[in-house]
Amino acid sequence: MGDYVLREEKKAEKRKDLVGICLDCFVEKGLTVATTKDLCKAAKLQNGGIYYYFSTKEEIVLACAEEAISRIEKAAFAIVFEDISDIKSMMDRLGELADKMSPTMRFLVSVCVSREYGEKVKPSLVRLAARYPYYTGRIAEILDCTDEEVAPFVHLSILAINNYMIFAERALFDPQIEAVKKELSRLAERKGRNNR
């Protein structure tokens, strides 16, 4: 019994590592181009070895989509919570993040729009959207304002960053981000005045 549990724990650990490796492979090659042979090669497994850890390619793709969401979310909100006291710096760093994460977002979009995986990835997207009120609340708390005051700017930022990562077009990003920067700066200044 103990050996079985240990083996399963190691398998789960390896599976977690494989998700990151497979995601990187999908990002590099593309969802429809990357084969299971490519995934095995990237993971340094024998051909077909990936199926020891995953039942189907679909299972791999959906795990990679979940990981893509996690990477983008963690990176973006880490920046927000680190830099929210300096709105300009925060927005600049979010722009840099969007440049860096653009290929990962494009992979995620390819999964979302595919006939094969689109419906199956929706629960992951719904879980992500369910976390937005938490982030809104944290930002409101930091800026000492209400959730209602900050929510439109959190959502506009998310939309702008997503659009920029997908389309890589500054003209879609800059006006929205400038509006957010202006309003969040106004809220931050108000907090500064209230603390005097």
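The model is predicted: local features need pLDDT of at least 70 and side-chain atom pairs count only at pLDDT 80 or more, while totals for chains, interfaces and linings use all residues. Residues are numbered from 1 along each chain as its sequence is written, and side-chain values use heavy atoms, without hydrogens and water. The axes of the two helices come within 7 Å and cross at roughly 60° (lines fitted to C-alpha atoms, for helices over the stretch in contact; angles run from 0 to 180 degrees between N-to-C directions). Helix 4 is therefore oblique to helix 6 (under 35 degrees is roughly parallel, over 145 roughly antiparallel, 65 to 115 roughly perpendicular, the rest oblique). On the helix 4 side the residues are Met 91, Leu 94, Gly 95, Ala 98, Asp 99, Met 101, Ser 102, Met 105, Arg 106 and Val 109, and they meet Ser 157, Ile 161, Asn 162, Tyr 164, Met 165, Ile 166 and Phe 167 of helix 6 (contact means heavy atoms within 4.5 Å). By class, this contact has eleven nonpolar, four polar and two charged residues (Ala, Val, Leu, Ile, Met, Phe, Trp, Tyr, Cys and Pro are nonpolar, Asp, Glu, Lys and Arg charged, the others, Gly among them, polar).

**Helix 6 and its end.** Helix 6 covers residues 147–167 (helices are DSSP runs of H or I, at least four residues, and strands of E, at least two, numbered from the N terminus). Its 21 residues reach 29 Å from first C-alpha to last, close to the 30 Å expected (1.5 Å times one less than the number of residues). Val 150, Ala 151, Phe 153, Val 154, Ser 157, Ile 158, Ala 160, Ile 161, Tyr 164 and Met 165 are its buried residues (buried is under 20% relative accessible area, exposed over 50%, partly exposed in between; 1.4 Å probe, protein chains only). After helix 6 comes Ala 168, with a positive phi near 50°.

**Helix 3 against helix 4.** The axes of helix 3 and helix 4 (residues 87–113) lie 9 Å apart, at an angle of about 175°. The two helices are therefore roughly antiparallel. Their contact comprises 19 nonpolar, two polar and four charged residues.

**Lys 57 in helix 3.** Lys 57 belongs to helix 3 (residues 57–83). Its relative accessibility is 25%, so Lys 57 counts as partly exposed. Beyond four places in sequence, Lys 57 contacts Phe 26, Leu 31, Ala 34, Thr 35, Thr 36, Tyr 51 and Tyr 117. Tyr 117 is 60 residues from Lys 57 along the chain, with 11 Å between their C-alpha atoms.

**Lys 181 in helix 7.** Lys 181 sits in helix 7 (residues 170–194). With 14% relative accessibility, Lys 181 counts as buried. Leaving out residues up to four places away in sequence, Lys 181 touches Ile 87, Lys 88, Met 91 and Asp 92.

**Gly 48 in a loop.** The loop between helix 2 (36–42) and helix 3 holds Gly 48. Gly 48 is partly exposed, at a relative accessible area of 39%. From Gly 48 to Arg 127 the separation is 79 residues in sequence and 31 Å between C-alpha atoms.

**The whole chain, for orientation.** The protein chain has seven helices and zero strands. Its C-alpha trace spans about 65 × 45 × 25 Å along the principal axes. Of its 196 residues, 39% are buried.
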